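The exercises below are meant to be worked with the sequence and the coordinates side by side.

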Amino acid sequence: MKPSRTNDAEITDWALSARRGDQAALEQFLRATQQDVWRFVANLAEPGLADDLTQETYLRALGSLRRFEGRCSARGWLLSIARRVVVDQVRAAQVRPRHSNEPDWQDAAERAHRPGKTRFEEGVVLGELVRALDADRREAFVLTQTLGLTYADAAEICDCPVGTIRSRVARAREDLITALQDAETPHRRLSAV
Amino acid sequence: MKIGRNLRRATDDLLMVRCEIFREALSARMDSELGPLSEKDVDEHVASCLACQAWCDRTTALRRSLLVCVAPPVPDLTDTILANTPSPAPEKWGLRVALALVAIAQSGLALTQLLGMDTGMHAGHGGFTMSHLLNESAAWNLAVGVGLLWAALRPQAAAGQLPVLAGFVLVLTIVSADDLAGGNVTAGRLESHGFVVLGLALLYAVHRRHRDRLEPGPVTGDLLMTDNHISLRDRNPRATATADRPRRTTRPAGHHHAA
């Protein structure tokens, strides 16, 4: 699923040009990074919120673009802002009454094994399982698996050591295969997950 | 007996821990990343551990499913984002260019004085001491010119020069007024001070513009961008709860302003 991605250095150059008021560079920066931001937030929060969260990310990012000095890659900088946006959204959501559209691990896992499902459905189900992961593991998993970043880049975005990313990715994998495995044997409960 | 049982439990724990670290190594290997163990150790363990072999098969299958499953289409929000965000103000070059011109004029003036051309000073009558004082003043004038040029090129350098130049202009104004009253200075020489005064004014303007535009970043600024964000509060009620919360929760180092 690794998309052919624009060079990090080029994106950073666009961000720095946009900071100096170059409108064309700003547009290129947006087009080159938007997909990663959208998929990142869509995998961390409810997909229905992805558009709003993406916009909020850019609103914050462009508001503080003048303080971006190119010391790290602009993509990483943007994703770390997206990460904060999601954290803030989750906090805000906890203040409000709960919605019923929380991801249901059991249900999703059982649908994952329904015969005759399409690849699109499979993607949706896997997406739900990923969203049901523990927040830290999910973050590491989405950055490295869905966006295809290296462990080092993911560590910078999450502000943690590379070894932490490595173990979170491994645990996320463990959690996911356990969920899928438990769905194959429906009589077992998922309490261990 | 008790000791033996404890020992066995410890061994079981050790086995669990061992599998966990090998699985981490397998997971890293799958992503072509550096694992916590040598490849040889991992291979040896996996060859002898059925649970880890199964784990490896399942995670590989999971990875494949993630690769082949169809990702939801990503909408293009570029136009919406552009419409909703004010683009950063373009940098205005006028002030810096003016400062550079003044700096060059000031330096040129100092150089002609150093080279002994007539700049309104009666350099002929002073003897050695006077001659050296003139050279010294020319050197200072040249230094002011160089400093101003540097600030025109690198606006962040403007702040440090302000007190020096302001002090210079203040004292120069007082002594000039005194000398003018006593008839010790020519109008031509006084006019040449105009560049320093103009330079000070432009230096201040460039400094202000630079500060307003960029606010010299904290050392870790690139990583801590979110504490001055503009919230979508009006359009997005979800943001309200967080917008009201003080946002300065990150590392204290983020608030140091490098002058």
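This is a predicted model: local features need pLDDT of at least 70, side-chain atom pairs count only at pLDDT 80 or more; totals for chains, interfaces and linings use all residues.

**Exercise 1. Characterise how helix H1 (residues 8–19) and helix H2 (residues 23–44) of chain A are packed.**

Solution. Two packed helices are described by the angle between their axes and the distance between the axes. The axes of H1(A) and H2(A) cross at roughly 140° and come within 8 Å. On the side of H1(A), the contact is made by A:Ile11, A:Trp14, A:Ala15, A:Ser17 and A:Ala18, while H2(A) contributes A:Ala25, A:Leu26, A:Gln28, A:Phe29, A:Ala32 and A:Thr33. Sorted by class, the residues of this contact are eight nonpolar, three polar and no charged.

**Exercise 2. Carry out the analysis for helix H4 (residues 74–95) and helix H8 (residues 151–158) of chain A.**

Solution. Here the axes are 8 Å apart and the helices pack at an angle of about 50°, so that H4(A) and H8(A) are oblique to each other. H4(A) passes H8(A) in a right-handed crossing. The residues that meet are A:Gly76, A:Leu79, A:Ser80 and A:Arg83 from H4(A), and A:Asp153, A:Glu156 and A:Ile157 from H8(A). By class, this contact holds two nonpolar, two polar and three charged residues.

**Exercise 3. Check whether the length of helix H7 (residues 158–182) of chain B agrees with its number of residues, and inspect its burial and its end.**

Solution. At 1.5 Å a residue, the 25 residues of H7(B) should span 36 Å, and since the end C-alpha atoms are 35 Å apart, the two values agree. Within H7(B), the buried residues include B:Ala158, B:Gln161 and B:Leu165. In an α-helix there are 3.6 residues a turn, so residues three or four places apart point the same way. Just after H7(B), B:Gly183 takes a positive phi of about 70°.

Definitions and conventions:
Residues are numbered from 1 along each chain as its sequence is written. Chains are lettered from A and ligands numbered from 1 in the order in which they are written. Axes are lines fitted to C-alpha atoms, for helices over the stretch in contact, and angles run from 0 to 180 degrees between N-to-C directions. Helices (H or I, at least four residues) and strands (E, at least two) are DSSP runs, numbered from the N terminus. Angles under 35 degrees count as roughly parallel, over 145 as roughly antiparallel, 65 to 115 as roughly perpendicular and the rest as oblique. A crossing is left-handed if the near helix is turned anticlockwise from the far one by less than a right angle, and right-handed if clockwise. Two residues are in contact if their C-beta atoms, placed from the backbone, lie within 7 Å. Ala, Val, Leu, Ile, Met, Phe, Trp, Tyr, Cys and Pro count as nonpolar, Asp, Glu, Lys and Arg as charged, and the others, Gly among them, as polar. The expected span of a helix is 1.5 Å times one less than its number of residues. A residue is buried if 20 or more other C-beta atoms lie within 10 Å of its own, exposed if 12 or fewer, and partly exposed in between; C-beta atoms are placed from the backbone.
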